[in-house]
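Please read these points with the model open beside them.

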Amino acid sequence: MPGKKAPRLEYTVLYDPRVIREPAATHHSWRAGSGSGQEWRIEEALGFVPKDGGQAVSPLAISDDGRRFAYLQRSDRVLVVRDLASGATKRVSTRVYRPGDDSWNVELSFYGDGELLFVWNAGRGSELIDLASTARLRVGVEFDRDLLEARADGGRVTVLAGEELRVRKNWRSPFSVAHREDDAEDGTHPVVLGDEAVSVVRLRDVENLRHQLKRVDLRHPAHRVTSADLTLPYDLETVNAVRPLGRDSVLLRAERSRTWPDHGYPPGPCDWEE
């Protein structure tokens, strides 16, 4: 792997059509690449592991600044973080993963510019780890995507727990409920944009589909909520806020139905198209 003058890593790839169909293979190497077209194999990172005749993926994450990545070592399945500039590899201690656990049930992600590592294990729960101080925080989310925000240096943490948006000012304070979805709303997964949690809400009116952009102020003591109508094509059944784009924009993902409104009835579970 590259050293101090390495370009920023921007993607990782595991699928390789030349070897993916080999039934006897026990490992396929992760490949990491930069926008310049350079690519490297990460031989020490655990890749594909067959299970019951199928294929499963072991986790690997790249920090937002492209200078760190986390993975399970191929040799002993220990969780490590590697710094590309120094080349140093550091073992990470966590209460929610053990080397004997099924690697395909583990997900990793960085927060900040790589200061925090989030570890989610289907069998043991989830934990946020400060890589500098080694402080650890149990987050208690059901899925890794439900950790919406985690600020470095023990700052604010925002999670989604069912229909509740929960916030803690720092790692020492308890979670408080910032907002709960109303029964008349069909909400979508929010994203944190600056100091607001932003989501798209569909009002439950089957005859007249209406969408609103909901914003929850995470700094306000009462977590003030504001909503504004969205002008969208009438046949969009589902609209999701996917991720922030810079400081003041949000990427939306929309789905529409093949049967609505052509046949005059709401779509079934298999009628979606992007």
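1. R180 is partly exposed, with a relative accessible area of 48%; buried means under 20%, exposed over 50%, and partly exposed in between (1.4 Å probe, protein chains only). R180 forms a salt bridge with E163, their closest N and O atoms being 3.7 Å apart. A salt bridge here is a side-chain nitrogen of Lys or Arg within 4 Å of a carboxyl oxygen of Asp or Glu. E163 is partly exposed too, at 40%.

2. This is a predicted model: local features need pLDDT of at least 70, side-chain atom pairs count only at pLDDT 80 or more, and totals for chains, interfaces and linings use all residues. Residues are numbered from 1 along each chain as its sequence is written, and side-chain values use heavy atoms, with hydrogens and water left out.

3. Which strands make up the open sheet? The order is β14-β15-β16-β17, with antiparallel pairing. Strands are DSSP runs (E, at least two residues), numbered from the N terminus, and two of them pair if DSSP finds at least two bridges between them. β14 (147-150) and β17 (176-180) are at the edges with a single partner strand each, so one side of each has no neighbour in the sheet.

4. β14 and β15 (residues 157-161) are joined by 3 bridges. A150 stands opposite V157 in β15.

5. R156 forms a salt bridge with D195, with the closest N and O atoms 3.0 Å apart. R156 counts as buried at 10% relative accessibility, whereas D195 is partly exposed at 22%. Both belong to a network of salt bridges that also links E149, R151 and R219.

Technical notes
Helix = DSSP H or I, 4+ residues; strand = E, 2+ residues; numbered from the N terminus.
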